Structure formats: structure tokens, C-alpha cells
Amino acid sequence: QSENSDKSSSESDTETEPEQASVYHKLLATLKTSPESESEEDEDESESEEAGESETEMDSEESQETGEAECGEEDENDIADKEEGSFITHFSFQQITAKDTGEQTLGEEQADGADASCDPSHGIIEEFTDAKHESEFSLETNFMEEESGDCNADERKSNPFKQHMDKEMEEKEVEKMSMLSKSSSQMKWPRLGQLTFSSTLEKHKTLKPDKEVDVKQLHLHKPLEVTWPKVNKQLLSSLNKPSDSCFTPLQKELFCIMNTYRDLFYPERTALTNGEEIRLAYCLHALNHVLKANAQVLSNNAKRRDQKPGIDNDDYRDQGLTRPKVLMVVPFRECALRIVHIFISLLEVNNERKIDVSNKKRFKGEFGSDPEEKPPNLKRPEDYEAVFAGNIDDHFRIGVAILQKSMRLYAPFYSSDIIIASPLGMRTIIGAEGEKKRDFDFLSSIEILIIDQADIYLMQNWEHVLHLMKHINLLPLDSHGVDFSRVRMLNLNNWSKYYRQTLLFSALQDPQINSIFNKHCFNYMGQVAVRNIAQIGSISHVVVQLPHVFRRLEAENLTSVIDTRFQFFIDKVLPEYRDAIMSHTLIYVPSYFDYVRLRNYFKKEELNFVHICEYAKKAGICRARRFFLKGERQFLLLTERFHFYKRYTIKGIRNLIFYELPTYPHFYSEICNMMKAADNGMDATWTCTVLYSKYDAQKLAAVVGIDRTAQMLQSKKNVHLFVTGEN
């Protein structure tokens, strides 16, 4: 694949073009363009036949001496190989959205069993939607069942849903919120730790965690009061929590914040430890919101039916401009599968009252995975296995409609209550300016936005997330058959974004993720962010005796860091490693743009090096690892995304350079510990050099701890640390 394609698909877009305009406003949509074209990875094609040979896992402990037998193709069904589809989705996005790609399909990207339903609307194959259940799930033509009832006056006053959605904002409040000037306060909670509460409007009363949680006091919709304790019981028992509680300590505090409709940023979500806890909590909140919203509409339908004709009543404004209320952004199909299973469990009161789920078999076929596909005896870290479990296709979107005792999967978006999608799935339907087939009106009235595992999108394509945020809560270009007499005034005034609650979960704090929370969230209820700082960094997990040299570079501002780092590297760092005695040097590069820049410089200088990135083919990876291990190449350039998706052990490292601190702090110790696998502790001349600037404070704290970070940022000298594996 060409450098042009690689470069354009892997990082943020560089140019903007005017968006298709409504009568109210215009947007800027970001498009990927890259004028230069240089075929770099095509070098691997000449070696593609080699990949067909019988080879063994590079990481196997046999054949360590020669390294020749280690150079091998992974099992055809290697979990990591599935993720090549993720690389393809980012590379092929330009092809998907090009005007002349009518025949472009997702055949390469789909997992087995996934058919046209996950194909982009731009392809020739139509996306499957359930059309035959339209009237059955219509909010306009159905009425509330008697047993569900309607909330009384006292319930309305204390009901968080009613309080939030019924608030009438004034023009001056909206003007104040658009200025983004926020007041903040700090508080420490028992489980979440250090919290920052911020609000644009006047300070809200301090929120304190509930010591005891009574399900009946949470104002859950009736079925959920019964089903939630049962659904969460299995998790509680696995964590050895008290059976008399219906929440884990983490869930209790998270739901306490969610239920007030404040925005929430929780940067300590990991697939290995608390991922399912958090998923259950936000699914409960999302489903509770949808059931209450739909119950209000169905109840008002009955009231309107019974009222005398000719009476115009504003009390029945209970809807948005479009039906979708909740958007859940998740990275893989497996995540969507688990969410839907949780929804079904929460809606089934008992075994005798099973809910009717339309298209369930199709959904399982397209979003499920075959356990036999996973090959045995692949050595990967536990966190890797947890993240890449199940179907890891990252191009999908599905609408879910819920009406009392029934659920409709594959509902058309304009008939859906909940949309579950990946960033790429959203990007291909939102499209870009100039495309004929594009749509984002269904995002106009989103009331809850849930972005889970946001850190993974940094490894996919963060621009898709930014593109989504630019198109959410805009006034629609078409009416889509809405009854304007039922539309809330907040939606008609184009104030939807001030009522939208955003729940953001990530495994780490990152400036790009923080910017979503700070610049794209306008909730009048305010925001809550968890701001715990690592006291002990991941450097404490380095098990080899290794001197770490942290070299500080001085940049005038944030925008100049990229060029300053490159110049600092070629002027100050690289000359020290040019000597043949400094062979076996691995250079770890988090940014693909930096990788391309370094690769081109190394070629220009005719340095003895090999390179591996996420787009490299098996034969090229195999060849590069073999050359590096045997010392035939002095340098190895390695991208962070390759390590994220593959987690291969690179053998033969004697000198390590972190061109930039890794995005994931545990990658630092993982890469350092590869030296142990390489030389079995026989070489005492190992070195590790890290480049950092004052703008890397968050990443630095995650690696060396907060105390060392404070000292390093105050001093402008290089810092030498020696880690023995016990520090």
C-alpha cells in the first residue's frame, strides 16, 4: 500500500471543507488529503510468497539461538491477524468514501457471518434494516399499557429524568454556556477518588455519594427495579461482594453521578478489571432513560386520544426532532453484542415473561464469534486477551427500538431509540461534504452519548470521533415526518447539546480525550471528571536492570513540539547511536506521522535499518525481526499501533529509544522487559533513552510517578534513573 494511503488513514485529517448547510448553520467536515505518494510498504510484496511457508510463532521459546526458525508466519487464525481488518478499515476509508468506488465493499473487513448489514451505505449492497415491524414499534400509534402507569406529581418532582428534561433554560443562560467559562471544585470520594466538579451556570449543590443504595429510591423504571439486582448478582458474586447490595462500590458511585444527568469522564476503565462493571452500569442508565422517555410519549398518546378535539395543549411536548435518544460508541462488535445481551436481561422480569426480540438470530450470527476460531497456545498479555475477545470487527452500526415488552434489532435509525456503533461505522454513514449518500439528522436529538473504551480509538482513527462530535445535536435538514406539536422547545430552539449527557470511559488520560470532554460537552447540569494521578509509575514493573535516561527537549509551544522533537533526535540523540558498537537499537515511535518522517530520514541518510508498522505484511515483519535479531540491521523503527495490535516480542534489543512516551503506560515496561527475552540477562550494556517535553506531563507521571514528574519538570537537566526491578 502506498505511503499516501497509509499516512492519510492512520492519523488526523489535515484539511477542512465546508459542510452541507442547513438553514440554521454550516459545519466544517474534515477530509483526508495527502498530495505525496511514495510506495514504501510495497517492498514487502516481493516477499509475500515467503509468508506461505511453514513457520512458527516468533515468540516461541524454541530456536532462540539461530532466530531463523523463529521467523514465521503466525497461525492463520491468530487473534492478532483478525485485527488486520482494523488496519484495512482505516486504509480503505478513502476508497469507501470516494465518488467512483461503487464496487467497494467490506468483504476484507467483515468477520465470518457478517453480511450486508455491516456494509457502508456507500457500497452497492444495501444495509439490512428491519422494515416489517415498523407499526409494532411506532411511538406515534401505540399507547401505554395500564400496568406501567404514569408518574404522579410527587414522582415528577424527584424524578431525575423529568427534572433534567423539563428544565426551561433562558437565553442568558445559553449565552453564558456558549462562552465555556466554568467554575470548578474538588472532592474526594471513597471509590472513585479525586473528582473535579465543573459547571458553567451557577454552582450546583455539592454531590455526595450515597452510603446505602435502595433501588426504589433511584427512580428506575418499574421493570428495572426487579431485574437489575438479578442481572448484577452474577457480577457481585464473582467479585465476592455482599449479596445484600445491588451495586459494586464502583457502580454505586458511577450511577450516582449518571443518575443526576451530569457529564462524566472516568479514565480508569480497563477491559481486564472493571470493564463489565462499568458496562452494566451505563446500560442500566441508558435503558432507564429510554423506557421513561417512551413511557411518557405513550402515556401522552392516550391523553391526546381522549381529549376533546380542537384543544391545543402544550403539555404534550415530549419528543425530540428525531427518535434516537441514546448513542453508544464502542470499538468492536463483541462490545455491541454484550450490550444487547444486557438490555435483554434487564427487560426480562422472569423466565415466564421473555421479551420478544426481532432479528435475534441474525444479530448473533453477525456480531457473535466462533470459539473454535481462536487458536490455542498463543502467548499474549491478559489485557490483550481481554480487549480483543470475541468478534473484533470495527465497522458496524445497529439501531435498537424498545417498546414495553419488545425489542427490535436492526431498526431503521429514525425508528430507533438506541444506536450502537463504532466510530468508523458512524463515519461512513455521516460521510463528508460533497457525497450524495450521507446522513446525520438522526443524531439531532441524542440525549445521552456514551463513548466507551475511548483509548482504543486513539489506536484506530481518532478523527472519526471528532467527526462524530461535529455532527451531533445539529438541527436536521429534513423534518422526517415529526409532529412539531409534540417536539420539546429545547429541541426547536436548537439547545439539544446543552441537555445532552456525555459519559466518557477510557483506560487513560490523554489530551485528545480530554479535549472531547472539555470542548464538545455543554451539559447545563455540569461535569464530573475523575482526576487521580499515578503515585507509582509503570517503570516500577520493569524487571531488568536497566539505566533509564530521560532527555528533555525544549519546545516554545505545543504546536512546535513535533518539529522540535525530530530536530532534537537527529542532532543530539541519533549521532550517539550511529557507531556500530551501538547496534541492536530499537526506536519506539507512537505517532505514525513521526514514523514516516524518521523512516524517510533514515533512507536519505542510508542508515542500516529495518522498520515495522501496523500496515507491514507478514513477510516484511518476519524479515525485519530476523535481520534485527541477527544484527544485520543496526536500527529497528517500530510503531506503537503495531505493538498494540500484535504484541510480538522483539528479540535482540540492546539499546532502546522511546522517541516519545507511550500512550499506554504499561507499554513502557513491556518494551523494556523485551530485553530480558532477548539476551537472557547476559548483556550488561543495555541502554534506554526517553525523549520528553513539559507538554508530556500526563504521560510522564504514568511512567515515573507523580513525585519524579514534578522534579523532572522543574529541572531542565537530563534525568538518569536506574531500575533494578524492585524500585
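The following exercises with worked solutions concern the predicted model of one protein chain.

In this predicted model, local features need pLDDT of at least 70 and side-chain atom pairs count only at pLDDT 80 or more, whereas totals for chains, interfaces and linings use all residues. Residues are numbered from 1 along each chain as its sequence is written, and side-chain values use heavy atoms, with hydrogens and water left out.

**Exercise 1.** State how many helices and strands the chain has, and what percentage of its residues count as buried.

*Solution.* Step 1: Helices (H or I, at least four residues) and strands (E, at least two) are DSSP runs, numbered from the N terminus. The chain has 25 helices and 20 strands.
Step 2: Buried means under 20% relative accessible area, exposed over 50%, and partly exposed in between (1.4 Å probe, protein chains only). Of the 727 residues, 58% count as buried.

**Exercise 2.** Determine which residues of helix α7 are buried and which exposed residues lie on the face turned away from them.

*Solution.* Step 1: Helix α7 spans residues 171–178, and its residues Glu173, Val174 and Met177 are buried.
Step 2: These residues are on the same side of α7 because they cover an arc of only 100° around the axis, taken from the directions from the helix axis to the C-beta atoms.
Step 3: The face turned away from the buried side carries the exposed residues Glu171, Lys172 and Glu175.

**Exercise 3.** Describe how strands β3 and β4 are joined.

*Solution.* Step 1: Two strands pair if DSSP finds at least two bridges between them. Strands β3 (residues 183–189) and β4 (residues 193–199) run antiparallel and are joined by seven bridges.
Step 2: Trp189 has Gly193 in β4 as its bridge partner.
Step 3: A hairpin leads from β3 to β4 through three residues.
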